[in-house]
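This report goes through selected features of the structure shown below.

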Amino acid sequence: MSQRVRRTVVAFICVGAVVGVLAPAWAGTPITTENVLRVVLFALPIAGIYAISATGLVVIHSTTGIFNLAQGAIGMMCAFLFWELSVNQEMPRSLALILVLFVIAPAMGLILDRFLMRRLARAPLATQLIGTVGLMAALLGIATWIWDPNRSYPIAPFGGDGGVRIAGVLLTWHRIITIGVAIVVAIALRHLMLHTRLGVTMRAVVDDPDLAAMHGVKPGRVSSISWIIGCMCAALAGILIAPEIGNMSAETLSLLIIDSFAAAVIGRLRNLPMTYVGALMVGLVVTFSTTFLDLGQRWSKLPTVLPALLLFVALLLLPQQKINLGRVVRTFKMENQPSWRSALVAAFVLVGAAAVAAPLLSDVNASRLTSGIVVGVILLGLVPLLGWAGIPFFAPYALAGVGAWATWRFQEYMPGVLALVVAGAITGIVGIIASLPALRLRGLYMALSSIAFALVMTNLVFLQPEIFGQYRQLDRPSIVGLELDSPQAFALFTTVIYAVIALALTWLRTSRFGRQVVAMRDSEAAASCLGISLLETKAAVFAVAGIASGIGGGLLALSQRFASQEQFPMVAGLALILTLAIWGVGMTSAPIIAGLTMAALVIITHDWAEGGWTNALELAGPGLAALALVSAPRGQIVQIVEHAKYHPLATVLRVGALFAGGFIGVRFNLPGAVGFLLAILLYLVADVLGSLISERRRRATAGGVHGDPAASGADGAAVGITDPLTKITARALDRRLGVSNLEKVLR
Amino acid sequence: MTLLDVDNVTVRFGGLAAVSEVSLSVPEGIIMGIIGPNGAGKTTLFNVIAGIQAPTIGRIALAGRDVTSMPPHHRARRGLARTFQRLEVFGTLTVRENILVAADARRRWERGVSPRVVADELLERIRLTDVAASTVDALPTGTQRLVELARALAAGPKLLLLDEASSGLSNFDTDRISSLLRELVEADGLTIVLVEHDMPFVMGLSDRVAMLDHGRLVAQGTPTEIQEMPAVQEAYLGVRR
Ligand SMILES: Nc1ncnc2c1ncn2[C@@H]1O[C@H](COP(=O)(O)OP(=O)(O)OP(=O)(O)O)[C@@H](O)[C@H]1O
Ligand SMILES: [Mg+2]
């Protein structure tokens, strides 16, 4: 389709949708000058906040190439710090403001840049995005830890209660200040970019980083300054928006800023004036809908997803992203391809272990196990998408929700297990629909569109009366007379389903189709020049993902015996992806480990060691671990397996100790925290012991360490080092080169 | 019969005309060489023919059929295959899998193809059997180029576009490829268009040679004719008229 035709079609669909919603929802508010003025006047401050936040995104992205999904969370952190200083510590407001804006925010930017972002800048896109999602989760976790979410944190608006009345519309001082600040930020940045040496340098880096480096520009300095500016913008936006939302909560504050993504995309992620225009559009659309529309039950949440919808439209209107030629970013082998036999053995071991263990578990523990495995099944759908095809799709719960709904819907017509299969098929079809943006969008834009998709699904589609409008009750099925009512039986049932899907995926990966998908990931240009239709291949991958995640969603609903919208929130979906990425996105063994990790964290948080620091663990744990991903982009499983190959004894000791600690904790009914600490303590002891032993053994056997050459890491690739440069490989290098200690240099 | 028709193709990138008003027809069963200095627009022309780059103006026809608005995979299904100057191998797959991907895809439009047989035959023919099980990313550039050639051939093309197939190859391999290409044209009836910097290679191998400079087609003829043309000598030897 030519660009013009496509744009016309998109425009028609949008106008159609808008009219379709508008006509019935029109509130009958007369279109008077006053009302129009009200819309504009209310839109301006909102636009101002979005613009400031989006400016930060654009500055960081255009100079460092990283799209900071944690922008909102940084703003949230700063807003909370502002509350802490000005309200809790009773500091003068102006002093607190100066401290947060000009000391804390820049310091945050500097620290983030130095310790995290510079390393991320060279990682593949998926790792970059997951890294910033990890940062978001970690900040959210830390915030809930410090500031109890059950209390309220009011920040008074700036400028007091009064305001200016313009033609009968009251504009508060706070909003006037917001508009003013947005304008000042725009002018200041424009001046910085056009008229200072620093700005010229930054623009040079945007245009051509290599050329800029050749002319003596220090890229490190530019990236530090970008992060400082970005964090200051985030802080400003956070502090300005906090008084507007009555009760500030860490999560809403972090997510509000997703709304500014639309503005940044309209600015094509590099054009600041267009970003402001985009922010204004978002603001106008949102205030228009709240002023003129009377949205009934069905569309009541529409205003909250409007920015996401706008983001979606903006993405679809971008010029078609061409097939990339010349592989700029190294492809990573994200998946290990187990042999058919080892997969079969693993599946049997898994099911066998579950069959032995499940009957021994208490009801509560069996349900916990089930919840972990169910998450694993949902995550299995992401293996072909993220791992094989390298498509950054961040909306697992959007697919799972469809599966849950379909399971409920078809349960009355057919046996439960069959309903699950039908649910998989239906979600597969929805997956194909979800793949449509992937045909036009790649990389970052694809990731953003999937986040928008997740938001629209949970906050709009799932709320429809026909879907999860009411509480949907589900009964557990029985297979050939075998009741799955008991938690133990259901745990075994989910394990069997996991094993079946994992085996099917393993078979698919080794098939013609799997090869084709990986080929497409490695080079879209070559694949399409060989007669492979990218469109069909991507749609097929999405269908597979839909089937697996849909069945997972159905299992989730069955395990909890009900289905509702709250089971599938967008942020939790991101947390799932984080956990999966920590273990490795491409392996069918990773999802179950990720699911169990999540389950373990939930257990620790909610009933093992309740209170205080553990509240933060659910988010902060995966968040911090995801940051560790920077050094192991292919995931922990590969890392551990490799480590186990060279230090088998140490590995056995560590894992054994972890299990022993956990076992002692559970067996002797120690208070949860003690058991948990014991497990970690034993793990650490075993770790030290293990490394001591393996050190000795290594010295005894002077043979070289041969890494898998395909296991390429990012860092040393330029100098011809293709293994990830970990301590282990560094030591191996030392020995080969006869250098004393490269490890020290690395640090 | 003309297999490939390039009709008045122009490609502009902003203000730069990478290819301008190029018309070229390639009859079936020959080897056509395309030469020209760096930045002359050779690769861009290949991208237009393969469908990866849309021309600003102009048309492309394959075997008499207009394919200008066809996506790359449809052109491939009509018998077009290519290699890339900046390599586009499937880096995380093995050499054999690279070839298999192409042979598998071919089954969609050609009946009775056995991918395994095709792969084994090509591995043998291009002498990649030794590295068949290696991951391509771990191989040297020269070998990767051979993998691209094998992969393109596995698609069973009628028209093969080779972008600098000999760069990075040893003299031994270059000779080997040279005779392989001749054989493909003579025995299998393939038509080949190749872009080359290696003058002896291209002049020795081609039936016809075309020269691009600054995006324009400046000369066309048999190798001997081309070598004698002033425009060619000017571009390659720096002789000024
Ligand atoms: N995607 C693009 N955007 C902008 N300019 C481009 C693009 N692709 C190529 N060019 C420019 O078009 C011109 C022709 O490039 P092309 O790669 O086709 O030349 P070439 O003859 O293949 O050169 P070489 O011998 O170096 O391979 C060059 O000036 C190049 O910089
Ligand atoms: Mg070229």
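## Aromatic pairs

Over all chains, this predicted model holds 14 aromatic pairs. One of them joins Phe80(A) and Trp147(A), whose rings are stacked, with 5.1 Å from centre to centre and 25° between the planes. Phe80(A) belongs to helix H3 (residues 71-88) of chain A, while Trp147(A) sits in the loop between helix H5 (125-146) and strand S1 (163-166) of chain A, so this pair ties together parts that are 67 residues apart in sequence. Phe80(A) and Trp147(A) are both buried. Together with Trp83(A) and Tyr153(A), the two residues form one aromatic cluster.

Tyr397(A) and Phe568(A) make an edge-to-face pair, with a centre-to-centre distance of 5.7 Å and an angle of 75° between the planes. Tyr397(A) is part of helix H17 (residues 396-411) of chain A, and Phe568(A) is in the loop between strand S6 (562-563) and helix H24 (570-583) of chain A; the pair therefore ties together parts that are 171 residues apart in sequence. The relative accessibility of Tyr397(A) is 11%, so Tyr397(A) counts as buried. Phe568(A) is buried too, with a relative accessible area of 0%.

## Chain A overall

Chain A contains 31 helices and six strands. Of its 747 residues, 52% are buried. Among contacts in chain A with a separation of 6 or more, 78% are between residues 24 or more positions apart.

## Positive phi in chain A

Glu90(A) has a positive phi, near 55°, and is a residue other than glycine. Its place is the loop between H3 and helix H4 (93-120) of chain A. With a relative accessible area of 66%, Glu90(A) is exposed.

Arg268(A) is not a glycine either, yet its phi is positive at about 50°. This residue lies in the loop between helix H11 (259-266) and helix H12 (272-292) of chain A. Arg268(A) is partly exposed, at a relative accessible area of 45%.

## Cysteines

A disulfide is taken here as two cysteine sulfur atoms within 2.5 Å. Cys231(A) is buried, with 1% relative accessible area.

For Cys233(A), the closest cysteine sulfur is that of Cys231(A), at 9.3 Å, which is too far for a bond. Cys233(A) is buried as well, with a relative accessible area of 5%.

## The sheet of chain B

In chain B, four strands form an open sheet in the order S2-S1-S4-S5, with antiparallel pairing. Strand S2 (16-27) and strand S5 (65-66) of chain B are the edge strands, since each pairs on one side only. Strand S1 (residues 2-13) and strand S4 (residues 57-62) of chain B pair in the antiparallel sense over five bridges. Within this pairing, Leu4(B) has Leu62(B) in S4(B) as its bridge partner.

H1(B) packs on the sheet and touches S1, S2 and S4 of chain B. The direction of H1(B) makes about 120° with that of S1(B).

## Helix H1 of chain B

Is H1(B) mostly covered or mostly exposed? Eight of the nine residues of H1(B) are buried, and the helix is mostly covered. The buried residues are Lys42(B), Thr44(B), Leu45(B), Phe46(B), Asn47(B), Val48(B), Ile49(B) and Ala50(B). Gly51(B) follows H1(B) and has a positive phi, near 95°.

## The magnesium site

Which residues coordinate the magnesium ion (ligand 2)? The ion is coordinated by OG1 of Thr43(B) and OE1 of Gln85(B), at 1.9 to 2.1 Å. Thr43(B) lies in helix H1 (residues 42-50) of chain B, whereas Gln85(B) lies in the loop between strand S6 (80-82) and helix H3 (95-106) of chain B, so the pair ties together parts that are 42 residues apart in sequence.

Thr43(B) is partly exposed, with a relative accessible area of 26%. Gln85(B), at 30% relative accessibility, also counts as partly exposed.

How values were computed:
Residues are numbered from 1 along each chain as its sequence is written. Chains are lettered from A and ligands numbered from 1 in the order in which they are written. This is a predicted model: local features need pLDDT of at least 70, side-chain atom pairs count only at pLDDT 80 or more; totals for chains, interfaces and linings use all residues. Side-chain values use heavy atoms; hydrogens and water are left out. Donors are N, O and S atoms within 2.8 Å of the metal (3.2 Å for Na, K and Ca); water is not among the atoms, so sites may look incomplete. Helices (H or I, at least four residues) and strands (E, at least two) are DSSP runs, numbered from the N terminus. Buried means under 20% relative accessible area, exposed over 50%, partly exposed in between (1.4 Å probe, protein chains only). Two strands pair if DSSP finds at least two bridges between them. Contact means heavy atoms within 4.5 Å. Axes are lines fitted to C-alpha atoms, for helices over the stretch in contact, and angles run from 0 to 180 degrees between N-to-C directions. Rings of Phe, Tyr and Trp (its six-membered ring) pair if their centres lie within 6.5 Å; planes under 30 degrees apart count as stacked, over 60 as edge-to-face and the rest as tilted.
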